[in-house]
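Open the model in your viewer and keep the selection panel at hand. The stops below say what to select and what is there.

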Amino acid sequence: MQEECLLTMRGIDKRFPGVLALNGVDFTLRSGEIHALMGENGAGKSTLIKVLTGVYQMDGGEIRLGGEKIVIRSPEDAQNNGISTVYQEITLCPNLTVSENMFIGRKSGLLIRHKDRERRADEILRRLGIPARSTQLLGNCSLAVQQMVAIARAVDMQCKVLILDEPTSSLDDNEVQMLFKLMRDLRGQGVGIIFVTHFLEQVYEVSDRITVLRNGELVGEYLTEELPQVQLVSKMIGKELEELSSLGDSEDGKIMEQEVFYEAKGLSSTEAMPFDFTIRKGEVNGFTGLLGSGRSESVRAIFGADKVNGGTVTIKGKPVKISRPVDAMKHGIGYLAEDRKRDGIIADLSVRENIILALQVMDGIFKPIRRSESEAFADEYIKALNIKTASRETPVGSLSGGNQQKVILARWLLTHPEYLILDEPTRGIDVGTKLEIQKLVRKLSEEGMSVTFISSEVEEMLRTCSRLIVMRDRHIVGELTGNDLNQTQVMKTIAGGEA
Amino acid sequence: MKKIGRKRFRGGLGQLTIPIIAIAILAVFNLIRDPGFFEIGIAHNSDGNAVLSGNIISIINGASELAILAIGMTLVTAACGGQDISVGAAAAIAGSVFVKVLKSVPTVNGGTVLFAFVFACVVAMLFGAFNGILVAVFRIQPMIATLILYTCGRSIAYWINGGATPTIASPILSAIGGFIPGIPLPTPVIIVVAMAILFKLLFHFTSLELFTQSVGINGAAARLNGINPTLIKLLSFVLLGVCVSVSGCIGVSRLGLINHETLLLDIEMDTILAVAIGGNSLGGGRFKIGGSILGAYVIQTLTITLYAMKVSSTNVKAYKAVVIVLLVVMGSPVVKKRFSSFITRLSENRRKGLAKGAEE
């Protein structure tokens with residue numbers, strides 16, 4: 001590893017209306033290193049990245065590249081300076097070929113020689129070990145390969161600094177390994193890589209150095225090997241971690257004596273195969289399985305989010321019909337959807353309006369909640385869930401991911417549901433908020449609320465749920481309770497070993 | 001994160017800034033051009049009533065139909081992210097029905113006029129529902145869906161009265177289209193105020209505003225929160241139908257006849273423009289009814305100003321276009337953003353200056 005400073009950012013300030021998003025942050029990137037940028041949501045990671053890539057203009061501080069002071073006014077400026085970014089969402093065009101995607105929007109003569117481009121693209125792909133052909137349609141490649149093509153595009157533009165913003169969030173383990181190999185190769189070629197992620201294990205696997213931000217301020221820069229994982233987490237959330245382990249086991253036995261709140265027999269929807277499901281009062285259970293195994297589809301059927309085809313449902317022993325979300329809501333069921341942006345937040349509406357939305361729907365269109373009342377509700381939940389927002393009238397779209405999630409949680413809690421379905425409530429949010437949400441789930445269940453919890457992180461499910469329903473290929477393949485609730489057993493059941 | 005300064009973003013431009021600035025500029029321009037432009041006089045109309053007259057009165061009077069249509073169009077725009085281009089044609093239908101009913105009753109009196117209006121209103125609401133079903137249920141783009149009624153609406157209006165352009169003279173109609181004896185303000189202006197209050201009350205006593213905005217911003221999320229987006233979109237078209245029938249009946253009452261070819265001709269584009277000038281996003285979502293009404297008055301002020309400058313009616317449209325380009329650019333996100341950051345910088349400099357002064 002070379003010790004030469006490639007990029008230095010000194011005293012970076014960035015102000016947003018009512019909020020100081022970055023306060024004198026320093027960041028140093030050396031060439032030939034993978035540098036993880038860590039912090040909770042709202043810590044300023046994305047803001048720092050956006051200042052560096054010209055999406056935002058900084059309000060103070062300076063950026064030097066290779067010792068020379070540079071001014072970045074636009075994403076083009078950043079690119080011309082050799083700073084390239086690959087975002088979480090793939091921003092290429094799926095209906096163009098790989099080579100077209102690699103060269104699109106780049107200065108070239110009027111006449112394009114397709115053959116030359118394809119040859120050049122193939123050469124780069126081969127050199128980087130990316131399993132794709134230049135003539136393939138990008139949309140036909142797997143997500144990981146698409147991501148790698150995006151990186152290849154950046155690399156071919158002579159980038160010195162490569163920013164990877166949550167590149168692994170939609171990849172499976174094999175794909176992550178492919179990506180890491182590519183990252184290591186690029187490091188060998190002297191590229192400085194800034195790696196933004198929420199996955200701690202991945203940071204330890206691939207990065208050389210870690211910079212931690214908290215509340216828009218620099219906490220420190222550390223060599224990865226000298227910073228134990230527990231310490232990293234406590235630096236990120238700014239408190240010691242004894243709380244993390246205090247999420248102890250609850251008394252599982254008592255749950256089984258409680259009355260059954262919801263029971264479905266042969267419930268099916270346009271998206272979900274018939275399945276049986278019960279949940280007791282105060283119980284926390286979960287659906288687990290790989291992506292696409294039918295976990296989300298099952299809970300959507302319970303909530304009536306997709307068209308229900310068949311099956312019988314009883315709530316507290318009484319048969320009911322739930323065919324639309326509003327039916328479920330009237331029976332005391334709340335549902336926090338998997339895709340926060342698409343199915344959760346109403347981005348342009350204020351935090352207040354987002355919080356009261358579900359309650360207002362249940363009250364009906366002819367009984368509007370009074371302004372003063374809605375303000376009181378919003379203030380109450382902003383405080384209770386510790387939502388970080390400039391004010392209750394701030395558009396929810398301008399909040400960080402974790403805080404948006406809390407707003408939606410508040411929306412459902414305000415309806416005082418008896419049964420709350422949380423589909424991936426902790427995806428893409430920081431450790432601190434994750435922990436808060438897990439604690440909240442525990443607290444709610446102690447108060448008698450039933451909760452179904454879905455998470456891609458098995459560890460999190462084990463910590464939160466007392467019963468796990470395992471799905472594979474759209475069918476329930478097992479149910480784990482008590483002593484079977486451990487990582488090995490879950491993995492075995494998911495994989496189809498003896499359960 | 002740390003809070004700095006005030007709660008609200010002081011540099012931010014409110015939604016109503018552009019229409020208010022536009023009216024102010026037009027007013028100043030007219031004052032310089034002709035100080036008598038804003039004079040309000042008292043005239044006596046043919047019935048011998050003392051009524052207000054002057055350019056201001058003809059502006060707010062002339063913009064009435066446009067303002068009422070703009071109210072409904074704002075709702076459709078907010079819920080569906082698209083516009084209804086059939087409002088002019090639908091108003092011709094409503095007007096024809098209004099006249100047809102009045103022609104078929106033995107006497108024209110208060111009761112029968114009300115009955116004819118309610119009848120016209122129901123018909124317009126049905127046509128609104130037709131558009132609404134195409135948009136909300138079949139998910140056809142609003143402009144394409146309403147193109148159908150835009151094309152055939154005036155033919156339907158033609159059939160209703162068998163091709164004729166019947167006249168209908170009645171003191172009640174001239175009171176609706178002109179002045180109520182004893183009240184110096186034109187009745188259409190009073191109707192605009194009544195409609196604005198009606199919608200304000202609708203938003204006060206229901207949560208339609210919140211639901212409409214939710215559907216317009218994120219329909220999928222609104223559905224998962226128990227809102228029925230289909231119903232909300234349909235409802236917006238039906239409410240626009242109410243506005244359509246009110247403007248159609250005002251139009252008929254002004255002239256005392258129905259001309260299916262010319263009644264509120266080309267008003268749909270001005271309506272959409274009024275919504276846009278009012279600072280509402282034509283892509284749906286957040287809206288302000290007041291903005292659209294102001295937008296309607298801006299358009300009418302512009303027209304009257306040009307006429308007052310003796311611009312011929314053929315040329316008026318070209319001059320209007322120039323001003324409207326300016327307004328739309330002023331209201332564009334790019335200019336707004338530039339302007340806000342300019343204001344922020346100014347206030348920051350001032351704060352720094354103050355701090356310096358305090359140190360000294």
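This is a predicted model: local features need pLDDT of at least 70, side-chain atom pairs count only at pLDDT 80 or more; totals for chains, interfaces and linings use all residues.

Two strands pair if DSSP finds at least two bridges between them.

**Stop 1: a sheet in chain A**

Select strand 17 (residues 419–423) and strand 18 (residues 450–454) of chain A, which pair in the parallel sense over five bridges. For one of these bridges, pick Ile421(A): its partner in strand 18 of chain A is Thr452(A).

Now widen the selection to the whole sheet. It is open and has six strands in the order 16-17-18-13-19-20 (chain A), with mixed pairing. At the edges are strand 16 (333–336) and strand 20 (475–481) of chain A, each of which pairs on one side only. On average, neighbouring strands of this sheet are turned by 15° against each other, direction ignored.

**Stop 2: two asparagines**

Most residues other than glycine have a negative phi. Select Asn215(A), where phi is positive, about 50°. Asn215(A) is in the loop between strand 9 (209–214) and strand 10 (217–223) of chain A. It counts as partly exposed because it has 17 C-beta neighbours inside 10 Å.

Then go to Asn386(A), which has a positive phi near 55°. Its loop runs between helix 15 (371–384) and helix 16 (401–413) of chain A. Asn386(A) has 12 C-beta neighbours inside 10 Å and therefore counts as exposed.

**Stop 3: where chain A touches chain B**

Show both chains. Here 35 residues of chain A are in contact with 27 residues of chain B. On the chain A side, two or more residues each come from strand 2 (19–30), helix 12 (325–330), helix 13 (340–344) and helix 14 (351–363) of chain A. Helix 14 gives the largest share, six residues. By class, this side has 22 nonpolar, seven polar and six charged residues.

**Stop 4: a helix pair in chain B**

Select helix 1 (residues 17–33) and helix 13 (residues 289–308) of chain B, whose axes are 9 Å apart and at an angle of about 25°. The two helices are therefore roughly parallel to each other, and their crossing is left-handed. Among the residues that meet here are Ile23(B) and Leu26(B) from helix 1, and Leu294(B) and Val298(B) from helix 13. The contact has nine nonpolar, five polar and no charged residues.

How values were computed. Residues are numbered from 1 along each chain as its sequence is written. Chains are lettered from A and ligands numbered from 1 in the order in which they are written. Axes are lines fitted to C-alpha atoms, for helices over the stretch in contact, and angles run from 0 to 180 degrees between N-to-C directions. Helices (H or I, at least four residues) and strands (E, at least two) are DSSP runs, numbered from the N terminus. Angles under 35 degrees count as roughly parallel, over 145 as roughly antiparallel, 65 to 115 as roughly perpendicular and the rest as oblique. A crossing is left-handed if the near helix is turned anticlockwise from the far one by less than a right angle, and right-handed if clockwise. Two residues are in contact if their C-beta atoms, placed from the backbone, lie within 7 Å. Ala, Val, Leu, Ile, Met, Phe, Trp, Tyr, Cys and Pro count as nonpolar, Asp, Glu, Lys and Arg as charged, and the others, Gly among them, as polar. A residue is buried if 20 or more other C-beta atoms lie within 10 Å of its own, exposed if 12 or fewer, and partly exposed in between; C-beta atoms are placed from the backbone.
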